[in-house]
Amino acid sequence: MLELCSPLNSKLQAGRFGAQGETGIALGGRPVRDLWQIAGWGDFEAAAIEVLSDLGLCGLGSYSLASRAKGRTAWRIAPDKILIENAGNLSDYMSANLATLDLSHARTVILLSGTQARDVLSQLIAIDVTETAFPEGRFLQTGIHHVGVLIQCMGQNAFEIYAPVTWAETVWEVICENAKPFGVEIVAD
Amino acid sequence: MKRLDTGGRIDRSKPLSVTFDGTALPAYHGDTLASAMLAGDTMVVGRSFKYHRPRGVYSAGVEEPGAMVHLRDGNRHEPNARATVVEAFDGLVSSGQNAWPNVRFDVGAVNGLFSPFLSAGFYYKTFIGPFKNTTKFWMMCEAFIRKAAGMGRGTYLEDPDHYEKRNAFCDVLVIGGGVAGLSAALAAGRSGAKVILAEQDFELGGAVLSEPIGGEDEAWVEAVLTELQSMENVRILTRTTAFGAYDGDVYGLVERVSDHLKAPENHQVRQRYWMVHAERSILATGAIERPLVFGGNDKPGVMLANAARTYLNRFAILPGESVVVCTNNDSAYETAAELARAGATVTLAEMRASVPSSLTHEATEAGVSILIGHAVLEARGKSRVASAVVVPIDASGQASGAPKTIPADLIATSGGWSPAVHLWSHLFGKPIYNEDAACFIPRSEENHKMQAAGTAMATTSLSETIEQGFDQGVKAAQATGHAKECGARPDHFMTGAYWQRGIEPIWAVVRTNGKCQGKAFVDFQHDVKISDIDQAHLEGYVSVEHLKRYTTTGMATDQGKLSNVNALARMSELRGMKIPEVGTTTFRPPFTPISMASLVGHEHGKHFRPTRLSPIHHWHVENGAKMTEAGAWMRPWYYAEAGEGLDEAYIREAAHVREHVGMVDVSTLGKIAIQGPDAAEFLNRMYVNGWKTLQVGRLRYGVMLREDGFVMDDGATARLGEHDYFMSTTTANAAKVLAFSEHLLQTAWKDLKVHVTTVTDQWAAIAVAGPKARDLLSNVFKGADLSREALPNNHFTYAKLDGVAVRIHRMSYSGELAYEVYIPSGYARAVWETLHEQGQKYRIKPYGTESMSTLRIEKGHVAGPELEGRTTMKDLGLEAFASSKKPFVGSVLRKRPVLEDPERPTLVGLEIDGATGAKSGSILFPKTGETKGHGDGWVSSTTYSPALGKNIALALLKNGSSRKGETVRVVNFIGNETLTAKVVSHHFFDPKGERQNA
Amino acid sequence: MIRIKCPICGLRNETEFTYGADATVKRPEMGEQEQQPWVDYVFNRDNPRGWHKEYWHHVQGCRQWVVLERNTLTHEIGECKLAREVEQ
């Protein structure tokens with residue numbers, strides 16, 4: 001098999017940046033696994049629920065709350081579009097009612113965590129990201145440095161940022177720059 | 001001027017090294033630069049804007065018009081810093097500005113002699129007056145005036161510090177950390193609302209900080225602060241100015257995180273720009289004391305009364321030993337009494353005709369001599385005040401008796417107080433005039449998002465300020481859904497004298513002839529004299545907004561802080577109207593100057609905009625590619641071999657492709673998945689050509705128009721499955737085509753069952769071109785039949801490399817036998833490396849955008865320079881693609897008569913004579929005649945063609961198709977160069993396309 | 001700062017959106033052959049003082065086109081609906 005190359009290869013080198021002392025931010029990355037989009041039309045919800053239940057996911061989730069089970073996550077990103085990670089291969093579901101699309105190589109995940117993670121996010125996006133407004137399980141579609149991203153809250157101080165691969169380095173660099181006052185640790189693969 | 005041994009809020013155990021113009025100032029921790037200057041008896045600290053008059057410290061706050069200095073040096077140098085708000089730090093270096101050789105002796109002061117010529121409207125009159133049409137003379141004068149006028153000098157060095165932006169969300173934003181603000185924050189905080197309290201000073205307390213230390217008010221502040229600091233829902237930001245209030249409940253704040261340090265420490269930022277989203281805000285910005293207008297009121301040694309008090313009580317400085325206090329209201333009495341108690345000889349010129357003894361009692365006890373019904377007519381002294389000319393006055397401020405001269409080194413004045421209503425004004429609030437307090441205050445409106453409290457609303461006692469602040473805090477909490485009990489108000493029952501009481505609106509002190517004695521300033525920052533207001537009136541200016549612009553009063557950093565009411569009062573007096581009838585001007589953000597850097601944050605240099613990288617990017621960089629920007633993308637421009645420059649490299653690369661084989665990274669092409677049962681219908685509407693017959697496994701070139709009938713984009717679309725298409729667009733137009741498609745599908749074409757999704761990131765693409773392309777790919781992708789028969793042009797097939805599935809499109813941009821290999825982007829680098837490695841035996845070489853362009857120009861293919869938004873299909877020779885059997889986007893408007901004009905420039909080729917090529921953008925003219933105007937067309941793309949051995953170009957030329965063989969002139973007006981060229985077909989090379997069909 | 005309440009994503013700053021077009025004009029049917037309706041659609045615009053409807057694209061979000069009511073006089077923002085749910 002050919003070598004799979006992360007778009008963040010040049011960035012995912014262990015190291016320490018910015019302020020000395022305690023580390024407020026940890027940055028890392030991981031590839032996405034089998035990311036598929038399903039999209040439909042008038043009766044989209046019915047068609048989508050069929051796919052989701054085959055994958056063991058119950059319910060469509062909402063526009064801010066992902067549906068998660070069995071290591072899979074489904075995000076309702078638009079009225080007629082759902083993104084599913086760890087979906088396996090969904091090409092067989094392609095029909096006149098449902099369009100399936102493999103986007104596994106289109107995104108990569110930037111892992112942002114640490115005691116100051118929410119402060120860094122508040123420097124990057126104009127959305128309330130305090131714990132009450134953006135708790136674990138919720139997701140946001142927004143722009144970091146003018147690049148459209150999806151941010152999934154994984155816990156009190158942990159976030160997964162799904163960024164388009166061709167923009168991933170620029171998003172990473174801006175996150176890192178903003179995190180420097182807190183002390184940044186890069187966690188290699 | 002002397003530093004007192006006790007008192008003040010300075011830390012005498014922490015002396016700081018602070019200098020002004022090289023002289024050390026006696027500064028302590030807790031000082032400002034201005035207080036250190038006064039402690040060092042530095043009286044002249046600046047020169048005025050227009051007349052270069054000596055100016056000293058006039059205030060103790062953000063309104064400072066005189067003490068503007070250069071701060072720091074080297075790459076942290078900063079002009080126009082107001083010394084009154086610069087916190088002293090160890091190592092602070094400052095110097096005078098707008099003066100040569102220095103502020104004490106300034107050659108520019110000669111401007112004062114020309115003051116009759118530099119009065120209101122100087123610029124307008126000079127342009128349209130006697131010097132009209134004397135450009136040369138004017139230019140000479142302008143150079144002199146520009147040099148003489150103005151403020152500090154900036155630096156060209158790059159700022160070494162970091163700045164950041166942060167978003168914050170709260171229920172209640174309290175602007176101002178004085179008594180009203182603290183009280184409001186307390187109430188809102190207790191209710192559980194999320195509160196942000198912003199204070200521009202480095203200490204909280206507002207006006208209380210100007211009081212003698214250890215008083216009851218201070219104890220109140222401390223108690224409230226302790227409670228606030230214990231609340232998790234309250235964020236207190238000091239050194240933070242709310243500079244603007246905007247639509248959408250957004251407020252701009254700048255926090256000066258490290259300005260009080262020599263340099264930011266441990267990667268901290270210098271300043272932080274807070275964009276605060278607050279449902280409600282409370283304007284607790286207090287009030288700014290007003291100057292009085294009299295002759296020489298700008299001389300060093302004239303100061304606002306409350307500033308004198310602040311220097312005395314907060315900074316433990318006796319700002320004068322012989323002091324004349326002049327006031328039209330009660331607030332200056334405390335200043336007078338405290339100065340006298342500190343050892344100064346104090347005379348108080350009371351402008352009002354009578355005052356109650358309860359007011360004068362305390363001052364008299366302290367030893368102040370009070371002259372009722374008197375005012376300062378003129379401040380005298382060369383570069384600092386030496387005496388005050390005091391006269392008895394009538395109720396209008398006109399001298400009514402003999403003047404007498406009182407020796408004085410400080411004249412402290414109070415003309416009343418102007419509430420800082422600026423942020424209210426930003427929200428389009430029109431302030432109303434409060435007759436009792438003779439000032440403009442925000443109009444109280446229920447349900448307005450911003451409510452004012454405290455002296456910003458002209459409260460008359462501390463108790464009232466506390467009460468109003470608290471009440472507004474409660475209301476804001478309730479309005480944002482926080483009903484929790486706010487508890488009891490932390491009352492304070494000191495009901496003694498308070499500012500603003502008993503004001504008589506006397507603003508200017510004039511002689512019996514109605515004029516001031518000497519230069520009397522209304523706006524100190526712009527050197528606007530009261531006589532300039534008079535002149536504007538004489539010239540017929542009646543609107544305050546016109547007055548402001550004509551005289552420049554209240555413009556720029558003053559924003560009316562000191563000048564507003566005095567100018568309006570004079571205007572209303574001259575017009576025989578009341579101040580509210582004249583109205584007030586609109587204050588605009590920022591409230592105080594803010595650095596551009598704070599607004600920019602990290603978005604400069606490399607991070608000015610995002611950068612987009614191909615999945616193969618790092619290979620290019622590691623292998624010597626010179627990169628170039630293409631929109632947000634970085635692309636390989638050329639791969640220089642030993643000693644090569646751009647020209648040698650691209651010519652070699654292009655020739656190599658035609659002779660052997662080359663590979664180019666085309667991952668930047670826009671790629672859009674078009675899916676759904678109506679996909680073919682959608683394509684039929686988007687493209688000018690037909691799509692209903694395209695079979696699975698095939699691809700087709702298409703052209704798209706804009707709604708107005710001009711060409712938008714071109715590219716190939718492949719049919720992957722029954723309901724599944726893969727569209728490619730040009731690199732430049734990818735986002736535009738996607739957004740336009742989404743718009744149509746979500747508005748006018750809702751009936752179409754189609755989804756469009758970008759897959760630009762999912763797929764990388766490598767074009768392999770050249771006579772050996774098939775051999776190479778067949779060798780690498782074992783099992784794929786790439787033969788001419790199995791895979792003709794405009795077909796695609798699937799192949800595998802080491803388990804990775806790729807798609808190979810047969811199509812050519814270069815005119816050679818060529819393929820585009822589409823690869824899931826994570827494997828793109830590995831595939832590229834494999835092709836490069838296994839291609840060595842075919843002599844493969846990578847090529848960049850420059851040679852790619854050469855190859856397509858040789859073929860006459862249009863690209864960005866031709867698809868520039870002003871060209872039609874007809875112009876570009878693409879009209880044959882348009883279907884007449886169906887409507888498509890732009891199909892009707894492309895037929896507008898003006899776009900069908902046969903005279904329109906059309907695409908042609910040019911063979912350029914001589915060894916130098918043409919420049920893109922050159923204008924085409926016939927062989928003879930004048931070379932003026934727009935000519936007959938222009939050069940769009942240009943290159944040296946190794947295949948033809950000459951310089952060629954694509955151009956758009958009037959009646960182009962009928963001018964083949966003609967010689968035209970190619971004029972580059974910028975380079976002042978004229979070439980000649982022969983008009984030819986734009987299909988320069990292999991017009992029959994035999995090579996690509998090989 | 002215009003704050004737009006996207007029906008999908010919630011209240012967001014205008015920086016996540018791009019302005020698209022006047023939402024009060026209706027695109028002619030595809031089969032329309034006359035030039036004038038297309039000229040009106042593409043070029044002719046009212047310049048209203050007060051409430052107006054505009055297409056905005058939530059390009060850094062759900063990528064939905066929305067119809068936004070905006071007051072050109074007071075800068076007030078009114079209702080925001082998905083364009084697909086607005087009758088043309």
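This is a predicted model: local features need pLDDT of at least 70, side-chain atom pairs count only at pLDDT 80 or more; totals for chains, interfaces and linings use all residues.
Where they meet, domain 1 of chain A contributes seven residues to the contact and domain 2 of chain A contributes six.

On the domain 1 side of that contact, β9 and β10 (147-155) of chain A each supply at least two residues. By class, this side of domain 1 of chain A has three nonpolar residues, three polar residues and one charged residue.

## Where chain A meets chain C

Let us turn to the neighbouring chain. Eight residues of chain A are in contact with eleven residues of chain C. On the chain A side, the elements giving two or more residues are β5 (72-78) and β9 (139-144). Of these, β9(A) provides the largest share, with three residues. The side of chain A that touches chain C holds four nonpolar and four polar residues, and no charged ones.

## Chain B as a whole

Chain B has 998 residues, and buried residues make up 54% of them. Its secondary structure comes to 23 helices and 50 strands. Along the principal axes, the C-alpha atoms of chain B fill a box of roughly 115 × 70 × 55 Å. Counting contacts in chain B between residues at least 6 apart in sequence, 67% link residues at least 24 apart.

## Helix α20 and its buried side

Which residues of helix α20 (residues 773-780) of chain B are buried? They are Ala773(B), Arg774(B), Leu776(B), Leu777(B) and Val780(B). These residues lie on the same side of α20(B), because they cover an arc of only 165° around the axis.

Gly770(B) sits in the loop between β40 and α20 of chain B. Is this glycine, Gly770(B), buried or exposed? Gly770(B) is buried, because 28 other C-beta atoms lie within 10 Å, and the cut-off for a buried residue is 20 or more.

Setting aside residues up to four places away in sequence, Gly770(B) touches Val657(B), Arg658(B), His660(B), Val661(B), Gly662(B), Glu816(B) and Leu817(B). One of these, Leu817(B), is 47 residues from Gly770(B) in sequence, yet their C-alpha atoms are 5.4 Å apart in space.

## The nonpolar cores

The largest nonpolar core has 184 residues, and Val768(B) and Val831(B) have the most contacts inside it. Strand β40(B) gives the largest share of this core, seven residues. Both domain 1 (15-32 + 105-186) and domain 2 (36-102) of chain A also give residues to this core, so it lies between them.

Beyond its neighbours within four places in sequence, Val768(B) is in contact with Val661(B), Met663(B), Ala773(B), Leu776(B), Leu777(B), Ala818(B), Tyr819(B), Val821(B) and Leu835(B). Among these partners, Ala773(B), Leu776(B) and Leu777(B) are also buried residues of α20(B). Another core, of 176 residues, lies apart from the largest one and includes Met68(B), Ala242(B), Ala307(B) and Val324(B).

Terms used. Residues are numbered from 1 along each chain as its sequence is written. Chains are lettered from A and ligands numbered from 1 in the order in which they are written. Two residues are in contact if their C-beta atoms, placed from the backbone, lie within 7 Å. Helices (H or I, at least four residues) and strands (E, at least two) are DSSP runs, numbered from the N terminus. Ala, Val, Leu, Ile, Met, Phe, Trp, Tyr, Cys and Pro count as nonpolar, Asp, Glu, Lys and Arg as charged, and the others, Gly among them, as polar. A residue is buried if 20 or more other C-beta atoms lie within 10 Å of its own, exposed if 12 or fewer, and partly exposed in between; C-beta atoms are placed from the backbone. The arc is that of the directions from the helix axis to the C-beta atoms. A nonpolar core is a set of buried Ala, Val, Leu, Ile, Met, Phe, Trp, Tyr and Cys residues joined through C-beta atoms within 7 Å. Domain bounds come from an automatic or database domain assignment.
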